[in-house]
Amino acid sequence: MSTNTPHQEAFASLSPAVMRASTVVFDNFEDFVQRKQRQPDGFSYGVTGTPTARLLEQKVATLEHGHHCVIAPSGAAALMTTLMGFVRGGDHLLVSAACYGSLKTFADKWLSHMGVEVELYPPAIGAEIAALIKANTRMICMEAPGTVTMEMQDIPAITAVARQRGVLTMLDNTWASPLGFRALEHGVDFSIQAATKFFSGHSDVLMGCISMNDHAHYEILRETQSILGQQVSPEDCFLVLRGLETLALRVQAQSASTIVVARHLAAHPLVDKLLYPPLESDPGHALWKRDYQTNGCLFSMILKPAPEPAFHGFFDALQQFVIGASWGGVHSLAAYYPAALQAQRPFSATDQPVVRLSIGLEDSALLMADLDQALAAYGRAMTAT
């Protein structure tokens, strides 16, 4: 056999192939002319994905108990792509005041200038959202629990009203993941995940996913993805595919640790309030208990009032927790949201500073000890001022 001839032996691997392409080639002239007919599942140009992207989309759709999925370069991109696919000038858009900040900013600073009527609504709403729906309402944007202050929405009640009125619904379901809440089975049209968080699990990739059941919606979103250039590199697809292999184990472990840490903090004398629906004291607990299957890994707390230097003392004392605004990975994180930010929010749950914690895979005893000594530093700074 010639040394220039590649080996032709059968090959199989447990790892998915990473297939890169910007240009898709065609066998003949007719295939090229008809290339657009390959969408939404086929391949016509790299911007609509390669088999590596399709494999990830199929796995996410299965995980969501849905029929279709479109991926995007970040969770934010998934949210905006969904809006751009379906919302037009003259439409009315309802957005929860507790939704992700960039979604609200995009709606307010971009869509509103394109003729979209944007209205923020109370994030703890349910069937009473019917009073806010207008003849031109196109979509309701939800997130539960809310990004920072953890408000719960009655999602089945909202989606029931929306379907009766012909209004689309989208839910940022990243907090729960499909393992904790099956959004599509509760009537949501578009289930959004920031795959950056739980799906990836290792804080090293940005990605978003949009899952749905309706094929016509899927066709629109695939075209929107293509027109806006919202494709993901195959290497990032590989990383999330690898992360999905351990998703259930990580979510289970983080969920178990998070409730333990939250209960510990709820009893601390320097903690004024825990914002965390799995706790019985939370206003959204009944909805969480009815609809959700996991405890998540993210919650917020409001400390006893103190000057700004006390918060410096708390965060500077942390050793196990890293300061960062993301969450859902294997490393525990702490973030800070000042009182001024809460005061600017309509329907705000608090006018106090908020400390948000993401619980990773570290030993929960170490995490609680770290928080205790950081709160002790907070208390010392509070009495010193």
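Leaving aside neighbours within four places in sequence, phenylalanine 314 is in contact (heavy atoms within 4.5 Å) with Met301, Val355, Leu371, Ala374, Leu375 and Tyr378. This is a predicted model, where local features need pLDDT of at least 70, side-chain atom pairs count only at pLDDT 80 or more, and totals for chains, interfaces and linings use all residues. Residues are numbered from 1 along each chain as its sequence is written, and side-chain values use heavy atoms, leaving out hydrogens and water.

Phe314 also belongs to the largest nonpolar core, which has 83 residues; Ile140, Leu265 and Phe314 have the most contacts inside this core. Here a nonpolar core is a set of buried (under 20% relative accessible area, 1.4 Å probe, protein chains only) Ala, Val, Leu, Ile, Met, Phe, Trp, Tyr and Cys residues joined through side-chain atoms within 4.5 Å. Helix α13 supplies the largest share of this core, 8 residues.

Now for two helix pairs, with helices taken as DSSP runs (H or I, at least four residues) numbered from the N terminus.

| Helix pair | Angle between axes | Axis distance |
|---|---|---|
| α9 (residues 247–266) and α13 (residues 364–384) | roughly 30 degrees | within 10 Å |
| α3 (residues 75–86) and α7 (residues 215–228) | about 110 degrees | 9 Å |

α3 and α7 are therefore roughly perpendicular (65 to 115 degrees) to each other. Among the residues that meet are Thr81 and Phe86 in α3, and Ile220 and Leu228 in α7. In the other pair, Leu265 is one of the α9 residues in the contact with α13, where Leu371 and Leu375 are among the partners.

Note on methods: Axes are lines fitted to C-alpha atoms, for helices over the stretch in contact, and angles run from 0 to 180 degrees between N-to-C directions. Buried means under 20% relative accessible area, exposed over 50%, partly exposed in between (1.4 Å probe, protein chains only). Angles under 35 degrees count as roughly parallel, over 145 as roughly antiparallel, 65 to 115 as roughly perpendicular and the rest as oblique.
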